[in-house]
Amino acid sequence: LITEGPTPDNLKLEGIDFYHRYKEDVALFAEMGFKVYRTSIAWSRIFPNGDELEPNEAGLQFYDNLFDELAKYGIEPLITLSHYETPLHLARQYNGWANRDLISFYERYVRTVFTRYKDKVKYWLTFNEINSVLHAPFMSGGIATPAEELSKQDLYQAVHHELVASALATKIGHEINPDFKIGCMVLAMPAYGMTANPLDQLAVHEFENQNYLFSDIHARGKYPNYIKRFFKDNGIEIQFASGDEEILKNTVDFISFSYYMSVAIAHNPEDYTIGKGNIMGGVENPYLEKSEWGWAIDPTGLRLVLNDFYDRYQLPLFIVENGLGAKDVLVDGPDGPTVEDDYRIDYLQKHLIQVGEALQDGVELWGYTTWGPIDLVSASTAELSKRYGFIYVDRNDDGSGSLARYKKNSFAWYKSVIESNGAALYR
């Protein structure tokens with residue numbers, strides 16, 4: 001974790017110390033009844049600088065141990081290959097994904113882990129929220145050039161490098177194990193026009209195309225026509241290397257996405273209150289409540305996303321992030337310390353009911369994983385006080401705390417949801 005604020009070193013380097021406590025945490029996930037657990041392989045654990053020729057065996061062994069522990073409980077790993085952790089050396093020395101050299105470094109990395117875990121992992125995601133690179137180029141793409149100095153030409157060339165690398169990983173994975181299921185992962189955010197003014201609706205269309213670009217290329221294997229107009233209007237010329245066009249044709253097996261909020265769009269956003277906490281901008285929607293961090297709470301938006309993606313691609317879908325960040329307070333309960341997080345239960349219940357509606361609509365959905373099952377450092381704010389988990393971790397923003405784990409009220413509730421295959425949502 002690299003932050004610009006005064007985050008203590010032990011919070012940066014240790015987080016919740018899953019590295020040493022994974023057996024304890026996996027046992028808690030199993031107690032809830034997890035059938036799948038989404039986590040990431042840290043690229044820099046395998047190739048610390050990113051450009052080495054040989055991998056770090058200790059890093060590889062850690063994931064062997066983790067996957068073996070999951071297998072003991074019958075929990076299927078769902079693995080993200082790169083989740084906001086481009087090795088820092090690649091950012092400093094190469095300017096991250098703005099440099100085409102990262103394709104070969106990423107290829108070496110994915111060949112290594114695909115080969116190592118070909119009999120332990122079936123489900124893979126190439127990049128986390130890949131479309132977020134447009135709005136957070138350093139966090140998402142390791143691009144060291146300050147965002148305000150980064151030209152659209154260089155930004156979209158970096159996007160191209162990531163998309164080629166993702167398609168190459170899909171190709172390599174299917175060659176190493178034809179049973180692999182490899183998906184893309186995007187940040188999903190349905191957009192609503194502030195009014196019925198056609199200009200607002202056109203603004204919505206243009207906003208959504210910026211996100212569809214990534215899933216369109218992953219699912220269809222080529223650049224869509226609408227982006228060609230955008231490139232022409234903005235003087236962007238994507239440089240294709242020999243073979244890029246063919247590589248992009250290696251399409252994904254499924255579409256996965258995060259969903260936290262929707263966004264309202266206007267062609268004249270200066271006339272409205274700008275939404276807070278939203279990485280993709282937009283204006284405040286007066287019809288929706290907001291989280292403590294200003295994120296619009298919109299369960300119906302999840303049903304819309306599921307239908308839109310499935311209608312567009314007819315590929316299986318996987319919701320891999322959905323949850324509520326909140327400042328939980330540890331209190332004494334009848335069975336020991338806990339968090340009375342009924343607000344989280346309410347949030348997840350309403351969203352899961354909409355997932356059920358989408359299933360009735362005919363959407364093919366492979367699974368659902370929350371963000372996150374256990375408290376952890378938030379990438380967007382570098383805070384541990386922005387808690388998402390069913391399990392409370394005794395760790396504070398200043399790095400203090402025992403790291404002890406405590407079950408929140410939502411722990412037992414989510415266990416009942418899994419046991420009842422969703423029936424508990426309607427009680």
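**Pockets, cores and salt bridges**

Three helices each supply at least two residues to the lining of the second largest pocket: helix 8 (152-176), helix 9 (198-220) and helix 10 (225-233). The structure shown above is a predicted model. Helix 9 gives the most to the lining of this pocket, with 7 residues. In total, 22 residues line the second largest pocket, and those that lie nearest its centre are Y156, E206, F207, Q210 and F230. The space in the second largest pocket comes to about 580 Å³. Sorted by class, its lining has 12 nonpolar, 6 polar and 4 charged residues.

The structure holds 3 cavities of 30 Å³ or more. The volume of the largest cavity is about 150 Å³. Its lining is made of 13 residues, with A188, M189, N211, Y212 and F309 nearest the centre. Strand 4 (181-188), helix 9 and helix 12 are the elements that give two or more residues to the lining of the largest cavity. Helix 9 again deserves a look: the largest share of this lining, 4 residues, comes from helix 9. By class, the lining of the largest cavity has 8 nonpolar, 3 polar and 2 charged residues.

The second largest cavity has a volume of about 70 Å³. Among the residues that line the second largest cavity are Y260, W293, A296, Y347, K386 and Y388. This lining has 8 nonpolar, 3 polar and 1 charged residues.

The next topic is how nonpolar side chains gather. Which residues have the most contacts inside the largest nonpolar core? They are I41, Y106, Y109, W124, F257 and Y414, and the core has 107 residues. Helix 8 gives the most to this core, with 11 residues.

Charged side chains come next. Side chains of opposite charge can pair when their charged atoms come close. The structure holds 27 salt bridges. In one of them, the side chains of R312 and D216 meet, at 2.9 Å from N to O. This pair links distant parts of the chain, with R312 in helix 12 (residues 299-313) and D216 in helix 9, 96 residues apart. Are the two partners buried or exposed? R312 counts as partly exposed because its relative accessibility is 25%, whereas D216 counts as buried because its relative accessibility is 1%. The cut-off behind this is that buried means under 20% relative accessible area.

D375 sits in the loop between strand 13 (365-368) and strand 14 (391-393), and K408 in the loop between strand 15 (405-407) and helix 14 (409-419), 33 residues apart. D375 and K408 are both buried. They also belong to a network of salt bridges that links D328, D341, R344, D375, R387 and K408.

A cis peptide bond joins W371 and G372, with omega about -25°. Y84 is not a glycine, yet it has a positive phi of about 55°. Y84 lies in the loop between strand 2 (76-80) and helix 5 (88-94), and it counts as buried because its relative accessibility is 18%. L403, also not a glycine, has a positive phi of about 70°. The place of L403 is the loop between strand 14 and strand 15, and L403 is buried, with a relative accessible area of 8%.

Key
Residues are numbered from 1 along each chain as its sequence is written. This is a predicted model: local features need pLDDT of at least 70, side-chain atom pairs count only at pLDDT 80 or more; totals for chains, interfaces and linings use all residues. Side-chain values use heavy atoms; hydrogens and water are left out. On a 1 Å grid over the protein atoms alone, a cavity is a set of points where a 1.4 Å probe fits but cannot get out, and a pocket is an open set with protein on both sides within 12 Å along at least five of seven lines; lining residues have an atom within 4 Å of a point. Grid points are joined across faces, edges and corners, and a volume is the space filled by probe spheres set on the points. Ala, Val, Leu, Ile, Met, Phe, Trp, Tyr, Cys and Pro count as nonpolar, Asp, Glu, Lys and Arg as charged, and the others, Gly among them, as polar. A salt bridge is a side-chain nitrogen of Lys or Arg within 4 Å of a carboxyl oxygen of Asp or Glu. Buried means under 20% relative accessible area, exposed over 50%, partly exposed in between (1.4 Å probe, protein chains only). A nonpolar core is a set of buried Ala, Val, Leu, Ile, Met, Phe, Trp, Tyr and Cys residues joined through side-chain atoms within 4.5 Å.
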